[in-house]
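Here is a short briefing for a first look. Keep the sequence and the structure side by side as you read.

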Amino acid sequence: TLHKGSIIIETKGGLDIIIDASTKDGQFHIDSYNVDKGGLGPNTAEALYYRKQEFNLVALYGQGPIASIQEKLLEATGVKAHIVRHSKDTNFHPCFNFKDKEGLEHLFWIVAQVYPMQDQVLEQFTNKIDEISKANPGEFMVLTNTPPRGAKPSYFAQLSRIAKKNGNMVIYNPCEFVDTYLADRYLFKEGHADIIKPNLHEFFQFLVSVDLLDAKDMIDCREQVKEELESGDFSYLARLTAEFMKLTSTEIAIVSLDKHGAL
């Protein structure tokens, strides 16, 4: 089977931007700003672009200036996204103050999307995904991060069913240290992921989500696996992975293990 490329579903719905600002002579000055291109979806798209790999990026953005910055950054990189707009834009949140080596005080702000998606926008977004998926059979649909704000935890399971209907394979690459338990549970129990790419922390969340491991035993079990990895023993982790793949019908599992490489 020839798999042509990737359909990446970017659900962050906003742009993380840190503005390095300072006060001088009683005035507020923006000295510089550092923009993250918007999370795992756009970053994955940018990496695929540089590798000359075909892909479609389907993204949710607002109507305001921050969303425009995001879109322009993607275009400047060479990434063309299929955009679905919602009525709200991002909010500014003060983060912290610090002093640099010269003693000058700086103020950092973070911009984050805090509004849930309206039902109408989510429906438009889902229809756009279905449209792109249908137009590109045989491609991979890459699910990154978490379901959009305002969507049900079963949203990724819904997208996986769209992928299956349209002949796409699903790659699930979650976001570390974000609570994805319910999204994982619905995806693996009501939908499917052909390929998973978790790190060790995320993989143990997967095991709990499909009831292969009790939540109260997760930390001890993970520490046991880490100790065995230090001695070069991958057997216990391999057994857990095989059990997970059999239960969920996952075809390929890639578990990244930091300095120990990957399983």
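A residue counts as buried when its relative accessible area is under 20%. Ala-59 has a relative accessible area of 0%, so it is buried. Keep in mind that this is a predicted model.

**Ala-59 and its strand**
- Ala-59 sits in strand 4, which spans residues 55-61.
- Gly-41 lies 18 residues from Ala-59 along the chain, and the C-alpha atoms of the two are 8.2 Å apart.
- In a regular strand, side chains alternate between the two faces of the sheet.

**Strands 8 and 9**
- Strand 8 covers residues 140-145, and six of its six residues are buried, so the rest of the structure largely encloses it.
- Strand 8 pairs with strand 9 (residues 169-174) in the parallel sense, over six bridges.
- One of the residues involved is Met-141, whose bridge partner in strand 9 is Val-170.
- Between strand 8 and strand 9 the chain passes through helix 4 (residues 155-165), and this β-α-β crossover is right-handed.

**Helices 7 and 8**
- Helix 7 (residues 218-230) packs with helix 8 (residues 235-248) at an angle of about 130°, and their axes are 8 Å apart.
- Helix 7 and helix 8 are therefore oblique to each other.
- On the helix 7 side, the contact uses Cys-221, Gln-224, Val-225, Glu-228 and Leu-229.
- On the helix 8 side, Tyr-236, Leu-237 and Leu-240 meet them.
- The residues of this contact divide into six nonpolar, one polar and one charged.

Note on methods. Residues are numbered from 1 along each chain as its sequence is written. This is a predicted model: local features need pLDDT of at least 70, side-chain atom pairs count only at pLDDT 80 or more; totals for chains, interfaces and linings use all residues. Side-chain values use heavy atoms; hydrogens and water are left out. Axes are lines fitted to C-alpha atoms, for helices over the stretch in contact, and angles run from 0 to 180 degrees between N-to-C directions. Helices (H or I, at least four residues) and strands (E, at least two) are DSSP runs, numbered from the N terminus. Angles under 35 degrees count as roughly parallel, over 145 as roughly antiparallel, 65 to 115 as roughly perpendicular and the rest as oblique. Contact means heavy atoms within 4.5 Å. Ala, Val, Leu, Ile, Met, Phe, Trp, Tyr, Cys and Pro count as nonpolar, Asp, Glu, Lys and Arg as charged, and the others, Gly among them, as polar. Buried means under 20% relative accessible area, exposed over 50%, partly exposed in between (1.4 Å probe, protein chains only). Two strands pair if DSSP finds at least two bridges between them. A crossover is right-handed if, with the strands pointing away from the viewer, the path from the first strand over the helix to the second runs clockwise.
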